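This briefing concerns a single protein chain and is organised by topic. Please consult the sequence and the three-dimensional structure shown below while reading.

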Amino acid sequence: MLQNYLKIALRNLLKNKTFSFINIAGLAVGLASTMLLALWVLDEYSFENFQEKRDVLFQGKRNFKESETSIWTSSSQSGNTAEYIRKNFPEVKNAVLTDWGNNVTISYGEKSLKKTWFSVETPFFEMFTFPFVQGSAKTAFIDVNSVVLTESMAKSLFGDEDPMNKLVKINLKHSLKVTGVLKDLPKNTRFNFDYLTSIKFLDSIGETYYGWSANNFQLWVELRPDANLEAVNKKMLKVYKSNADGFSNGDLFLYPLSRLRLFNKFNNGVESGEGLNSLVSLFSIISIVILVIACINFMNLSTARSEKRAKEVGVRKVTGATRGSLISLFLSESLLITILAFGLAILMVTLLLPAFNDLIGKQLTIPFGNINYVLGAIILVLFTGFMSGSYPAFFLSSFKPIKVLKGTMQLGRGASLPRKILVVIQFCFSIVLIIFTILVYQQIRFGQNQPLGYDQKNLMYFEMPGEMYKQFTPMKQDLLASGVVMSAYSTNQPMNATGNNSWGYEWKGQKPEQKNQIFDNVRVTLDFLKTTGIKLKEGRDYSPQFMADTIHSVLVNEAAVKAMGLKNPLGEIIRRQRDGNYTIVGVLQDFVFGNPFEDKQPMMVQLMPDSQSASNVVLRLNPQKSATECLEKISTIFKKYESVAPFDYEFVDTEFEKKFSKETLLRNLAYLFGGLAIFVSCLGLFGLASFMAERRTKEIGIRKVLGASISGIVMMLSKDFLKLVGIATIVSFPIAWWLGNKFLEYYPKHINFAWWIFAVSGIMAGVIALLTVSYQAIKAAVANPVKSLRTE
């Protein structure tokens, strides 16, 4: 019986090639879209799944109460927390500190590479699943001057040599022995180090600070299996309060490692449920929508052609076929089409996956050998086949054989109404996606066009490795003398970078709720304002004429003045117990330093001597010189002071664009899958238009004989579809309004939802629909009426 059903299904496919192509192509695009997005979504949900202790691993987080209405959540912790927790929390099996990682030069012989360096405490290897291929966790850091490499890092430095016990240099000045090699990190982990050292090594070179007021570490905690997270977190709230030294504040709590990738966004100290999860959920829904649109195409075309199969149904019923057998027949046809579409979809995914990987910045592959993926694919095919074929199967099998064979069966409006509803649903989805895509594009443009408060053009920076900072003054003189650099300064962090902040300041007129106000901290040498183009609102810039500037002076931005509530900020004293007193000598106009979609944060800019350790040099290039000439001369000067380390540089405007990476991903995915949804909708509309033109061939012939114009016939055939698109437009607007506002709420600074976005999307949908049906309409209108009326 099944073989017979498949033969009949194949015969019908070959008999109706146009409609078979539309159905197969539509379902293939829908299935391919679903599979591509499924690969991405599953990859996002797989983060840290390889960690054997994933369910008992947590990151320490801290809520800072900046004011009565503002709580800020950070992952930065004091260097004393891990030891304190190990001693005082029996529910905790282990706790370790890690630093934040830095791109630092590592060298062996004449080979130097700039790679990501992390420092960790030894129990790190017991908690996290990063297996050794050489050496062991027990012996890795017995010697403080030891380093552990990943396999790729070892291969890059040593080639085919055995790396064990070889000496390498970090930051061109610290010699360490290779005591272990780790298996390369999986792609689905938040850790991205290339080599590890012990935090005790940082101690030995004086680069750690363990005071309770510090916030320069990450804390990782492993709970015992029987520990209650809620109870532990209640105890964690007291960690900083019981160890206050006048600086520390904040409430410590543990946050699951399993949620860090997707849900790591907090509003006023509470997980918001947003973050990357919102993006993943959104496109999971879009993938389902595209597949549903493709299934709707199948339903519409199958029911639209029902009159052509009515007699077949009648004859089969007269000869003894039951309704159940007819339903099985039509579902088998649907399943055959879905299987063919799935094969085409696999081919499409295979061909498109490299481009899709470039789009999302991943290295996804089709896991053909994964049994779960295979089972998922089978379920997807069966679900799609049943969903797309169920309504046509039940509709066609319901025909009465007597009415069909007598020719008295009239489908009437009742049969076309479901098709119209499905077309409206299709285009409603498509219009919502058009509106959303426009909204994302406008929001990105809004962020990119924000007044920055400084001039990005011709602004670049590079890192000074090792002790190169000690040569900054003569190097600066050489750079200025070269003619390609207009001005320069050194700093602890370049433009666009964030991460250094502090609290615990006092000032005249301070209110109790302002005690925990957090300030971004930037340390610079002379010529900061001259190089960046940041404007001074009032007061003065740092100057060599004022020797005390490096000790007792500070520049603040407008946001800091507002946060402190100062009416006349110049000359005001800011105190901090550990650092002493600072006098405000100038107020800077606000400038974008962090996220362009967020409000400007309070900031202090402090002057440091040229000889003080600063890792970056920021340069203003001569606009009269080409970029190539500038880089060649700067590189030559760099090599004069550092011959081993590579000259790595970045342009500030290029780095600034990276701040929009998430929004750009969202925009690109919206372009791609919104376009696919519209394409599949139009494919179905084209099929319906073809069928309607074919069905009304004789009517069109008679109208032409009676004098109807081509434009009149085209409008007659198009207006019904345009009405449906118009209804879809009206229905889609409130849905898009709600979804769009939910999207914009994610950003503290965002565009307004303008009326023209709805107008443009409605016009676009109408034009797309008109272009889709007009081909068939024009083709029918220009046909020779003699051919269509010859049989009359």
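This is a predicted model: local features need pLDDT of at least 70, side-chain atom pairs count only at pLDDT 80 or more; totals for chains, interfaces and linings use all residues.

A residue is called buried when its relative accessible area is under 20% and exposed when that area is over 50%, with partly exposed in between. In helix H16, spanning residues 472–481, the buried residues by this criterion are Phe472, Met475, Lys476 and Leu479. These residues cover an arc of only 105° around the axis, and therefore lie on the same side of H16.

**Overall composition**

- The chain has 792 residues, and 51% of them are buried.
- Its secondary structure comprises 26 helices and 26 strands.
- Of the contacts with a separation of 6 or more, 79% are between residues 24 or more positions apart.
- The accessible surface of the chain amounts to about 36,600 Å², and carbon and sulfur atoms contribute 57% of that surface.

- An α-helix has 3.6 residues a turn, so residues three or four places apart point the same way.
- Just after H16, glycine 483 adopts a positive phi of about 85°.

- Helix H3 runs over residues 81–88, and its buried residues are Thr81, Ala82 and Ile85.
- Because these residues cover an arc of only 95° around the axis, they share the same side of H3.
- Strands included in the cover over the buried residues of H3 are E3 (92–98), E11 (218–223) and E12 (251–256).
- Helices H7 (229–236) and H8 (238–241) are also included in that cover.

**Salt bridges**

- Side chains of opposite charge can pair when their charged atoms come close.
- The count of salt bridges in the model is 20, with a side-chain nitrogen of Lys or Arg required to lie within 4 Å of a carboxyl oxygen of Asp or Glu.
- Lysine 362 and glutamate 44 form a salt bridge through their side chains, at an N to O distance of 3.1 Å.
- This pair connects distant parts of the chain, 318 residues apart: lysine 362 lies in the loop between helix H12 (323–360) and helix H13 (371–396), and glutamate 44 lies in helix H2 (residues 17–45).
- Lysine 362 counts as buried because its relative accessibility is 16%.
- Glutamate 44 is likewise buried, with a relative accessible area of 3%.
- Glutamate 222 and lysine 93 also meet in a salt bridge, at 3.8 Å from N to O.
- This second pair joins strand E11, which holds glutamate 222, to strand E3, which holds lysine 93, and the two residues are 129 residues apart.
- The two partners fall into separate classes: glutamate 222 is buried at 4% relative accessibility, whereas lysine 93 is partly exposed at 45%.
- A further salt bridge pairs the side chains of lysine 470 and glutamate 467, at 3.5 Å from N to O.
- Lysine 470 is partly exposed, with a relative accessible area of 47%, and glutamate 467 is also partly exposed, with 41%.
- Through shared partners, salt bridges join Asp43, Glu44, Arg261 and Lys362 into one network.

**Nonpolar surface patch**

- A nonpolar patch on the surface consists of Ile371, Val374, Leu375, Ile378 and Leu382, which together have about 440 Å² of accessible area.
- Isoleucine 371 belongs to helix H13.
- Isoleucine 371 counts as exposed because its relative accessibility is 55%.

- Most residues other than glycine have a negative phi.
- Asparagine 171 is not a glycine, yet its phi is positive, at about 55°.
- Asparagine 171 sits in the loop between strand E8 (167–170) and strand E9 (174–182), and it is buried, with a relative accessible area of 15%.
- Asparagine 458, again not a glycine, has a positive phi of about 60°.
- Asparagine 458 is placed in the loop between helix H15 (412–448) and strand E15, and it is partly exposed at 26% relative accessibility.

Technical notes
Residues are numbered from 1 along each chain as its sequence is written. Side-chain values use heavy atoms; hydrogens and water are left out. Buried means under 20% relative accessible area, exposed over 50%, partly exposed in between (1.4 Å probe, protein chains only). Helices (H or I, at least four residues) and strands (E, at least two) are DSSP runs, numbered from the N terminus. The arc is that of the directions from the helix axis to the C-beta atoms. Contact means heavy atoms within 4.5 Å. Patches are made of residues with over 30% relative accessible area and no salt bridge: like charges are joined within 9 Å, nonpolar side chains (Val, Leu, Ile, Met, Phe, Trp, Tyr) within 5 Å. Accessible areas come from the Shrake-Rupley method with a 1.4 Å probe; for residues, only the protein chains shown count as cover.
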